[in-house]
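Subject: Structure handover

Hi,

Here is the structure I said I would pass on. My notes follow below it.

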Amino acid sequence: MKAAVMHGARDIRTVTVPDPVLESHGVIIKVNACGVCGSDLHVYKRNGQEGTIFGHEFSGDVVEVGAQVKGITPGMRVTAVGFKPCGKCFWCAQGKWHRCSDMALLGYQFPGAMAEYVHVPFAALGRSVFPLPDELTYEDAASVEPLSISYFSVNRAQPKENESIAVIGLGVIGLYAIQLLKSMGVSMIVASGHRPSRLEAAKICGADIIIDAVKDDAVKAAMEATAKMGVNTVVECAGTQVTFDQSVAMARGGGKIMMVGIYEEALAWDPLPVIAKNLSLIGCLGGNFPASIELLKSGKVNAKPLITHRFSLDQAAEAFKVQLQDPSAIKVMIKP
Ligand SMILES: [Zn+2]
Ligand SMILES: [Zn+2]
């Protein structure tokens, strides 16, 4: 089959690779749509991951089902998550492999869905493989994974309607967070980002105050929007020193900072303002596929305005360049 394979830093090539081999606990999915993710770009920019087939935000049709798998049948339209527990750690030894401390992930440590076919190991209906309601297109379904990260983080913040919430970093995770906050009736959503197309998207997603962080002082603007009080919660989706410092500065006393963005560099930070303002720094890594499928089905969240570019599998190299560099790109989809 054809697959997009990483050959070195910023070097993706579409080549022929062996077809995936069905394991008794797995399923093989014919891929219809696969998103290029910010996490993929972190790896893409560096050397040392040669041979990686990316792609963990995907959907398609089940074509083969392992003998031990129950309830999943060929022809099902699905999205899925893929992981392989290590089988050796403390948790695996107790049979609690979902808690494995050394989990291998589909699209990183083993081949992902930027290919014609993908093998999803440990396939379990409703746990790792999720059938799609008719309302969801394949592209909607390939958006479930990033949406689920936003859902997990926003849900963890437990925002109230009368609160003010800032979302910093307007990639898809931040933009879905805005849609979710809007659907929950949060009265003031402040969005801060860089690229004009994403500032525009933040408005469409429901942000009340849009801060162009290139031109404006994000902290000053957030303080002005909240009568100098600061925001109740910051959903920090950028993962940089600057945006971390902004989050601490714009959170009001007793506020929360939801740490969602993945940091490429370690932070240098002064804990004093965090202590003085009684802030809570809350790490967020998790998802919820069923809730996210439901949100798309109900129309409370809409993936369509965020999908800006589509490429064939042969154009995978171009897809990565656009996702990384094109100022108009929000979510780039590969359509094998
Ligand atoms: Zn992702
Ligand atoms: Zn383990």
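Predicted model: local features only at pLDDT ≥ 70, side-chain atom pairs only at ≥ 80, totals over all residues.

**Around leucine 22**

Leaving out residues within four places in sequence, leucine 22 contacts Ile28, Glu64, Gly66 and His119. Leucine 22 sits in the loop that links strand E2 (11–16) to strand E3 (27–35). It counts as partly exposed because it has 16 C-beta neighbours inside 10 Å.

**Domains**

The chain is split into domain 1 (2–143 + 303–335) and domain 2 (147–283). Their C-alpha centres are 29 Å apart. At the contact between them, 10 residues of domain 1 meet 11 residues of domain 2. On the domain 1 side, helix H1 (residues 38–44) contributes the most, with 3 residues. That side is made up of 4 nonpolar, 5 polar and 1 charged residues.

**Core**

The largest nonpolar core has 101 residues. Which members touch the most others? They are Val27, Met114, Val167, Leu175, Ala177, Ile178 and Val235. Helix H5 (residues 172–183) gives the most to this core, 8 residues in total. Both domains take part: domain 1 (2–143 + 303–335) and domain 2 (147–283) each supply at least three residues.

Valine 27 is worth a look in the viewer. Beyond four places in sequence, valine 27 touches Val62, Glu64, Val65, Gly66, Val69, Ile72, Val120, Ala123 and Val129. Glu64 and Gly66 are also among the contacts of leucine 22.

**Strand pairing**

Strand E1 (residues 2–8) runs antiparallel to E2, joined by 6 bridges. Alanine 4 has threonine 14 in E2 as its bridge partner. E1 and E2 make a hairpin with 2 residues between them. In that turn, arginine 10 has a positive phi of about 55 degrees.

Further along, strand E4 (residues 57–65) and strand E5 (residues 77–80) are antiparallel, with 3 bridges. Here glycine 60 is bridged to valine 78 in E5. E5 also pairs with strand E9 (residues 129–131), again antiparallel and over 3 bridges. In that pair, threonine 79 has phenylalanine 130 of E9 as its partner.

Helix H4 (residues 144–157) has 14 residues. From first to last C-alpha it reaches 20 Å, close to the 20 Å expected at 1.5 Å a residue. Is H4 mostly covered or mostly open? It is mostly covered, with 11 of its 14 residues buried. Among them are Val144, Leu147, Ile149, Tyr151 and Val154, but also Glu145. Glutamine 158 follows H4 and has a positive phi, near 45 degrees.

In helix H8 (residues 241–250), the buried residues are Thr243, Phe244, Gln246, Ser247, Val248 and Met250. The buried residues of H8 pack against strand E10 (164–168), helix H7 (218–225), strand E13 (231–236), strand E14 (251–259) and helix H9 (272–276).

**Loop residues to check**

Tryptophan 97 is in the loop between helix H2 (90–93) and strand E7 (104–105). With 17 C-beta neighbours inside 10 Å, tryptophan 97 is classed as partly exposed. Past four places in sequence, tryptophan 97 touches Pro85, Trp91 and Cys92. Its C-alpha is 8.0 Å from that of cysteine 86, which is 11 residues away along the chain.

Phenylalanine 122 has a phi near 50 degrees and lies in the loop between strand E8 (117–120) and E9. Alanine 227 has a phi of about 50 degrees and lies in the loop between H7 and E13.

Which of the pair is buried, and which exposed? Phenylalanine 122 is buried, because 21 other C-beta atoms lie within 10 Å. Alanine 227 is exposed, because it has 8 other C-beta atoms within 10 Å.

Best wishes

Conventions: Residues numbered from 1 in each chain as written. Chains lettered and ligands numbered in written order. Domains from an automatic or database assignment. Contact = placed C-beta atoms within 7 Å. Helix = DSSP H or I, 4+ residues; strand = E, 2+ residues; numbered from the N terminus. Nonpolar A, V, L, I, M, F, W, Y, C, P; charged D, E, K, R; others polar. Pairing = 2+ DSSP bridges. Expected span 1.5 Å × (residues − 1). Buried ≥ 20, exposed ≤ 12 C-beta atoms within 10 Å, placed from the backbone. Core = buried A, V, L, I, M, F, W, Y, C linked by C-beta atoms within 7 Å.
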